[in-house]
Amino acid sequence: MPATFRTASRRVAAPAALAVPLLGLCALPVTTADAAPPQPAQELPLGPAGLVETRSTQALQPGVTLTSIVRGAADAATFWTVEVQVPAGGSAGGARAALGTAADARALAARLAAAGLEPRVEPVETPATADFAGGVIGHRVRVGQLATQAQASAVQSRLGAAGFPGASTVFTGWDGAPTDRGPWKLQVLTVDPRAFTGSLVASYGPDLRDRETTSALGRAAGATAAVNAGYFVLDTASGAPGDPAGAGVYDGELQSEPVGDRPVLVVREGARGTRVARVTWDGSVLAPRGTRLALDGVNRVPGLIRNCGGTADDAPVGSAPRHDTTCTDPDELVAFTAAYGPTTPAGAGVEAVLDAHQRVVAVRSPRGGALPPGGRSVQATGTQAAALRAVATVGKRLRLQATLRDEDGRVVRHSAGTSVVNGGPELVRDGDLHVTVARDGMVRPNDPSFYYGWAAKRNPRTLAGVDAYGRTVLVTADGRSTASLGLSIPEAAQVAKALGLRDALNLDGGGSTTMVARGAVVNTPSDAGGAERPVGDALLVLPPTPSQRRVP
C-alpha cells in the first residue's frame, strides 16, 4: 500500500519512493508521563541582565502551546546611520564590499572627509564559535548619527551625488552589540509528545518547484500552527524556485538530497523522537548486469546545486557547503519523482522515463516532460548522457536507490510519517553551545562581508530543536526593524540554550521567518510592508484525526 500525505483535509497517495523501501527512523528515547516537570524559564540572554521581559502563553491544542516573548524596549543609544561600501585597494574604481581592510577603510574615510562629510572607521569584532575564531573580521565606514531612517536616506542620497555609490541605511541596533537594550520579539511554539495527539509534519504544497506562503501551507492542511522550515531556491538562476536547497523528506519519501553533511531536523508525526542530525547521502541507478551509475541529486534542475555541498567536480568549491552560493556541474545524473511538478526540467541531455514498476517506458532527448502515473525518471547531462543512454533500454528495469547516513555512517531509517527539513548551522548540541558556521558554509574565505551581513549582524531567525523532555520547540525572532532587533547567529544559539533546548539548529530566516497560529500570522515578517514571503516548505502542527483523539 503506498505511503500517504495530507493535502487539506483528505489523504491522497504520495509519489512513489526512490528505490528500495525506506525504513523507519531509529527514534531517540522520549520522556514518559512521570518525568520531572520542566524547570522555570530563564531570562533570555539578550542585552544587559534585568531588562523587562514579558511572556504570555496560550494553549493551541492539547500538548501545543504558543509563548510570545517581548524583551527590552527602545534604546536611546541606538540610531540610524549610513554605511558606505569600502573599495578594495582604496580606489574609487575597485570592487566594493561592506567590510574592508583597515587601510582601505581609512583611505575611503579620507575621501569622504575631503568631500565635507564626517566618516567613522569602525572595526567589526565577532565572537568565536565552535569552528570559527571570530575576532576583528574587517573594518566598516559609516557617516552620520541620525534619529530617523528618512534622515539617513537623505545622507545616502548626498553620498550618491558626491560619487560614493552603494551606501545603505542601517540601524545600529542591528549590529549585535551586547549592550543594546532591545526590543526583541519572539514566538515560541512547543509540542509536548506526552499530551500531543495530532501530527507534526513538513509540507511543500502541491509540488516542490513552486513556492507557497507558510500560512497557505498551513491552511491547506487545516493546521493549528505552522512555521517556515528549510532553505530553498529563490530564483531561476539557481534552479526551480521553491525547491529545497538541502535535504527534504516528506511522509517518509526522500525528495531532495542533503547539502554536504549539514544538519537537519527530523520529526515524526506524533512528535516523539524529534532530533537534530547531520546526514549525508548516496544515490544510484542500478541497471541490469550489475551496472551502477551514481546519482548527483534528486528533484532539482541538473547542473545547479544551491548551497553547493554536492560532489568533488562541482564548481567553484567542490563538495564543500557554501551558503547562498549556486555551484555548477555540466555532467550530472538527477532523479525525479512526481513531487517535483507536472513536468521535469527541459534541456539538452537524455531522460529515461520509468513506470511505477521502474521499467523504462521511454528514452527522450532533449529531456523534459510529464511522468506516467506512479512513475519517475532519471535525467543525464553532459558526459553522463552517454552513460545513461547505454543502460536505458525500453522494457528493462532501472532501480533507483537512495540512502541517508548519520555522522557515524549508520543508515538513517525513515518510514511514512517521518519528515526531514534542512537547516544550518547547528546552534546547540547536548545542551552546550555548538555553532558550526565554518563547517556549514557560512564563512567564505576572503569574503568577511558575507559573514558580517548573514551571521554577525542581527536578522530575523527561525530556530528549531528538542529539549531534555522530548518536546519539539520552534522559535521565530522578528528583525530588521526598530520594533524588534533580531538575532545574530551566536545570539540565536544563546537563546536556544536559554529556552532549554538540548539540540538546536538554525532554519531559513530573514524574510522567510513566519509563525502562524490558528490561521493568523503571529509574528511580523520583514519583507516590505510585512508581506509574507512564499517559501519552499513549512513545519505543520495538525489537529488530531478522530482515530488519534484520546478517550478520557
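Over which residues does pLDDT stay under 50? That stretch is residues 1–36, for which the model still has 96 contacts beyond four places in sequence; a contact here means heavy atoms within 4.5 Å. pLDDT is the predictor's confidence in each residue, from 0 to 100. Where it is low, the predicted coordinates should not be read in detail. For the chain, the mean pLDDT is 91, and 91% of its residues reach 70 or more.

Some ground rules. This is a predicted model, with local features needing pLDDT of at least 70, side-chain atom pairs counting only at pLDDT 80 or more, and totals for chains, interfaces and linings using all residues. Residues are numbered from 1 along each chain as its sequence is written, and side-chain values use heavy atoms, leaving out hydrogens and water.

Now go to helix α3, residues 214–221 (helices are DSSP runs of H or I, at least four residues; strands are E, at least two; both are numbered from the N terminus). Six of its eight residues are buried, so α3 is largely enclosed by the rest of the structure. Buried means under 20% relative accessible area, exposed over 50%, partly exposed in between, with a 1.4 Å probe and protein chains only. The buried ones are T214, S215, A216, L217, G218 and A221, and they pack against β12, β13, β34, β35 and β36. Just after the helix, G222 takes a positive phi of about 70°.

T462 sits in strand β31, residues 461–467, and counts as buried because its relative accessibility is 0%. Its other contacts include V227, V475 and D508.
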